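Please report on the fold of this protein.

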Amino acid sequence: MKKLLVTAAAGALALGLSAPASAADLAARPYTKAPPMVAAIYDWSGFYIGANGGWGSSRNSWDSVAPFLVGPEGSHDATGGVAGGQIGYRMQTGTWVYGLEAQGDWADLRGNNVSTLFGPGFRNDSRISAFGLFTGQLGWATNNVLFYVKGGAAVTDNRNRIYSTATGALLARTGDDTRWGGTVGVGLEYGFAPNWSAGVEYDHLFMQDRTLGFTGPTGLAFGADRIRQDVDLITVRVNYKFGGPSIGRY
């Protein structure tokens with residue numbers, strides 16, 4: 001019995017002495033290197049559609065050309081709100097962005113002045129009820145911020161009337177006045193979420209002069225005026241872009 005106890009004690013002592021050595025022989029925990037950081041770059045390429053709204057002002061100058069008195073009748077600003085939408089396509093190459101866009105807006109720009117030629121009894125009235133822009137864009141992007149200039153063609157839908165200052169009665173009107181011209185503009189746009197961007201834009205419209213005949217309520221000729229028109233627009237825009245909003249760069 002004594003020999004058995006001595007043998008068991010010796011075995012336990014040997015096992016205790018060998019344990020630290022076995023732990024030391026274990027392999028070190030493997031180390032995995034963290035993946036490199038990826039910087040997201042906003043990509044402005046793709047088709048987009050959006051809405052806009054803001055304010056406009058149209059400068060209208062009237063000059064009587066026939067058949068009674070000939071000369072300037074004065075000018076007025078037709079101001080009011082605008083709202084509509086736009087659709088377009090952009091392509092980004094490096095920091096440069098190229099694009100095409102079509103925009104159509106409802107408008108309520110109204111203004112008038114008393115005729116300086118025919119006297120205080122006559123009030124000349126102008127209104128723009130709609131306009132469209134068809135433009136090309138050239139932009140410069142810093143990640144999700146885009147600055148751009150634009151230019152192209154513009155069209156306005158106008159209404160021209162002459163009223164009695166005393167009674168407010170309609171004295172004469174023109175037919176449909178759809179006028180074509182040119183436009184230039186500048187804008188700043190910010191990509192605030194995947195596929196979404198918002199911005200502000202200013203446009204100036206150079207509309208051609210037009211000589212328009214006026215007729216009275218009974219259809220009789222009332223006279224003719226050459227009307228010059230320029231338009232200034234400031235709009236806030238929100239766009240949704242189809243496709244991925246960003247690309248990765250290591």
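The protein has 1 helix and 11 strands. This is a predicted model. Read from the N terminus, the order of elements is α-β-β-β-β-β-β-β-β-β-β-β. The protein has 250 residues, and 37% of them count as buried. Its accessible surface comes to about 13800 Å². Carbon and sulfur atoms account for 68% of that surface. Take the contacts between residues at least 6 apart in sequence: 70% of them join residues at least 24 apart.

**Strand pairing**

Strand β2 covers residues 46-66. β2 pairs with β3 and with β10. The table sets out both pairings.

| Strand pair | Direction | Bridges | Residues standing opposite |
|---|---|---|---|
| β2 and β3 | antiparallel | 19 bridges | Asn 52 and Gly 84 |
| β2 and β10 | antiparallel | 18 bridges | Gly 54 and Thr 235 |

β2 and β3 also form a hairpin, with 4 residues between them.

**The core**

The largest nonpolar core holds 12 residues. Among them are Val 82, Leu 109, Phe 131, Met 207 and Leu 233. Alanines contribute too, including Ala 78, Ala 107 and Ala 154. Which elements give two or more residues to this core? They are β3 (71-93), β4 (96-114), β5 (122-142), β9 (196-215) and β10 (221-241). β5 supplies the largest share, 3 residues.

Val 82 is a member of this core. Setting aside neighbours within four places in sequence, its contacts include the core residues Ala 107, Leu 109, Phe 131 and Leu 233. Val 82 is also in contact with Gly 53, Gly 54, Trp 55 and Gly 56. Asp 105, Trp 106 and Thr 235 complete its list of contacts.

**A loop residue**

Gly 121 lies in the loop between β4 and β5. Is Gly 121 buried, partly exposed or exposed? Gly 121 counts as partly exposed because its relative accessibility is 35%, and that class lies between the cut-offs of 20% and 50%.

What does Gly 121 touch, beyond residues up to four places away in sequence? It touches Tyr 163, Ser 164 and Thr 165. Gly 121 and Ser 164 are 43 residues apart in sequence. In space, their C-alpha atoms are 5.8 Å apart.

Methods:
Residues are numbered from 1 along each chain as its sequence is written. This is a predicted model: local features need pLDDT of at least 70, side-chain atom pairs count only at pLDDT 80 or more; totals for chains, interfaces and linings use all residues. Side-chain values use heavy atoms; hydrogens and water are left out. A nonpolar core is a set of buried Ala, Val, Leu, Ile, Met, Phe, Trp, Tyr and Cys residues joined through side-chain atoms within 4.5 Å. Buried means under 20% relative accessible area, exposed over 50%, partly exposed in between (1.4 Å probe, protein chains only). Contact means heavy atoms within 4.5 Å. Accessible areas come from the Shrake-Rupley method with a 1.4 Å probe; for residues, only the protein chains shown count as cover. Two strands pair if DSSP finds at least two bridges between them.
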